[in-house]
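Subject: The structure you'll be looking at

Hi,

Here is the structure I promised to pass on.

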Amino acid sequence: MSDVFESAVPAGGASGARRLGWWVLWLLLAAISLHFLFKVLGQYGQLDPEHYTMYWSRRGWLWLHIGGGVLGIVLGPVQFLSRWPRARPRLHRWSGRFYFGGMLLACAAAVGLIATSPAPLAITLAFAATALAWLVTALVAMRGIRRGDVARHRRWMTRAYLVTLAPVSFRLLLPAWIALGNAPSPDVIAVLLWVSWALPVSLHVVWVNWPRRSPVMAAG
Ligand code: HEM
């Protein structure tokens, strides 16, 4: 999985220590994502208004959304496993299709959730921007592979996956904000929703365009 980021490094340039560092980072990310998924399934696995709070009357949308979102979070790392695209191209293509389908389902349900949300405009706009970022990054990645540009496909799939992880990042950012003694006002929540995907994606853009990278990898 370190391949995701190392794809931006010229072949042979990754030292053992760096490789280990990426593995540690990915394992940490996987542990945090699993924790998020268990919490979500634990909460919404209890079919009653108390656990669903404001989602009880919109549970149909929520189930579709969570179903697609779980597929995206789980299949993302499968896509990135280093040698699959080369050694198992059919498996890579099929899990990619399910990933894409999950994303479309989660996005369509997000539209339903946004349209029925009692949240203030700043928050619904932040959700809409996240959905758009999810679609755009994945579509650019698809376009890349259809044109045979594997490097572009990888770069943009990495960004699409970083957007997929936005709810995970958000659930880290919000408690951190509160732990610093701040109140979670609606405006703050909206800003954190933006930050939860825009920051990781921006960091990735900076990373692949860092001057020491080869011009081929840095293109876009
Ligand atoms: C990245 C694009 C995503 C967008 C645009 C998005 C959008 C939304 C929206 C609009 C809501 C309802 C907010 C409201 O009613 O005020 C919501 C809630 C929720 N979403 Fe997403 N979502 C995304 C990704 C995901 C993923 C990947 C998961 C993984 C399972 C997920 C799980 C949830 C859950 C569990 C809720 C209920 C609130 C909670 O318990 O946190 N979402 N999402």
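This is a predicted model: local features need pLDDT of at least 70, side-chain atom pairs count only at pLDDT 80 or more; totals for chains, interfaces and linings use all residues.

Let's start with the whole chain. The chain has ten helices and zero strands, so you can read the pattern along the sequence as α-α-α-α-α-α-α-α-α-α. Of its 220 residues, 25% count as buried. If you take the contacts between residues at least 6 apart in sequence, 66% of them join residues at least 24 apart.

Now the ligand. Which helix gives the most residues to the shell around the ligand? That's helix 4, with seven. In total, 23 residues surround the ligand, and the closest are Gly-69, Ser-117, Phe-127, Thr-130 and Ala-131. Two or more residues of that shell come from each of helix 4 (59-80), helix 6 (89-115), helix 7, helix 8 and helix 9.

Next, have a look at helix 10. Helix 10 covers residues 186-208, which makes 23 residues, and reaches 34 Å from its first C-alpha to its last, close to the expected 33 Å. Helix 10 does have a kink, though: about 30 degrees, centred on Val-195. Its buried residues are Ala-190, Leu-192, Leu-193, Ser-196, Trp-197 and Val-208. Among the things covering them are helix 7 (121-146), helix 8 (150-164) and helix 9 (166-179).

The unreviewed UniProt entry annotates "transmembrane region" at residues 20-41, 61-82, 94-115, 121-140, 160-179 and 191-210. I picked two of these stretches to compare with the model. Residues 20-41 are 100% helix and 0% strand, with the end C-alpha atoms 31 Å apart. Residues 160-179 are 95% helix and 0% strand, and there the end C-alpha atoms are 29 Å apart.

Most residues other than glycine have a negative phi. Thr-53 has a positive one, near 40 degrees. You'll find Thr-53 in the loop between helix 3 (49-52) and helix 4.

Happy browsing!

Terms used. Residues are numbered from 1 along each chain as its sequence is written. Helices (H or I, at least four residues) and strands (E, at least two) are DSSP runs, numbered from the N terminus. The expected span of a helix is 1.5 Å times one less than its number of residues. The bend at a residue is the angle between axes fitted to the seven residues ending there and the seven starting there. A residue is buried if 20 or more other C-beta atoms lie within 10 Å of its own, exposed if 12 or fewer, and partly exposed in between; C-beta atoms are placed from the backbone. Two residues are in contact if their C-beta atoms, placed from the backbone, lie within 7 Å. A residue is near a molecule or strand if its C-beta atom, placed from the backbone, lies within 6 Å of it. UniProt positions are given in the numbering used here, feature names are shortened, and annotations may be inferred rather than shown by experiment.
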